[in-house]
Amino acid sequence: MSTVEKKVKAAVYQKPKKGEYLCGDSYFYKETDNEFICALADGLGSGEFAKESSQIVIDIIKRDYNTSVEQLIKTCNQQLTGKRGVVVGVLKIEFDKQRYTFSSIGNIGVLTIPQNGKKKRNIPDPGYLAGYHRPFKVVTENLEPAMTFIMFTDGVTDADLSQSFLLNSDVNCIAKAYEEHTDGKVRSDDTTLIAIRYEA
């Protein structure tokens, strides 16, 4: 799945773990006149109940996408009381302020790749959302021209992230190359990789 909008391009690769027909990961992205938002959620475990929890998070973000990253995480956490836990990452690119903001809890990774090709990987906050109060950090950095972001769940390995195809400027090529790179490998986890390219 891919989309070409005004300032951001995105492409997604997603597969369930071996033996499951349903992927427990859910995602959402949207571009408006002022910003681009992408959210990736991974329900703990796999299958139907994992999907239920991750979809709760994504439905909230679809509804409230114009609020801050911090508020989105807090609202999602509140709605997960009594549900299976979720790890989540939210990235927001603000065009007018020329900055990006993200928060990542659990094993949702965010890799930033500026034009010089030097990858920078964030360290997510430990734990997961399950309705309990928990501290988390929100990171804000300056946006650079022609910047790539890779968001991913724990099905994506460190070896995968070292591949040179992540430096491609075409997000569809990144997603396709990742598919070819992992073809035939046994998936012990649900896998989602979202390649995002800010073009302006």
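Colleague: Which residues are buried in helix 4?

Modeller: This is a predicted model; local features need pLDDT of at least 70, side-chain atom pairs count only at pLDDT 80 or more, and totals for chains, interfaces and linings use all residues. Residues are numbered from 1 along each chain as its sequence is written, and side-chain values use heavy atoms, without hydrogens and water. Helices (H or I, at least four residues) and strands (E, at least two) are DSSP runs, numbered from the N terminus. Buried means under 20% relative accessible area (1.4 Å probe, protein chains only); in helix 4 that gives Val171, Ile174, Ala175, Ala177, Tyr178 and Thr182.

Colleague: What arc do they cover around the axis?

Modeller: The arc is taken from the directions from the helix axis to the C-beta atoms. These residues sit on the same side of helix 4, because their arc is only 165°.

Colleague: Which elements do the buried residues of helix 4 pack against?

Modeller: Contact means heavy atoms within 4.5 Å. The partners are strand 2 (8–15), strand 10 (147–152), helix 3 (158–161) and strand 11 (191–198).

Colleague: Which residue caps the N-terminal end of helix 4?

Modeller: A side-chain oxygen lies 2.8 Å from the backbone nitrogen of asparagine 172. The residue that supplies this oxygen is aspartate 170.

Colleague: How many residues has the largest nonpolar core?

Modeller: A nonpolar core is a set of buried Ala, Val, Leu, Ile, Met, Phe, Trp, Tyr and Cys residues joined through side-chain atoms within 4.5 Å. Those with the most contacts inside the largest one include Phe36, Tyr100 and Ile196. Its count is 23 residues.

Terms used
Buried < 20%, exposed > 50% of the residue type's maximum accessible area, 1.4 Å probe, protein only. Polar contact = N/O pair within 3.5 Å; in protein donor to acceptor, adjacent residues only side chain to side chain.
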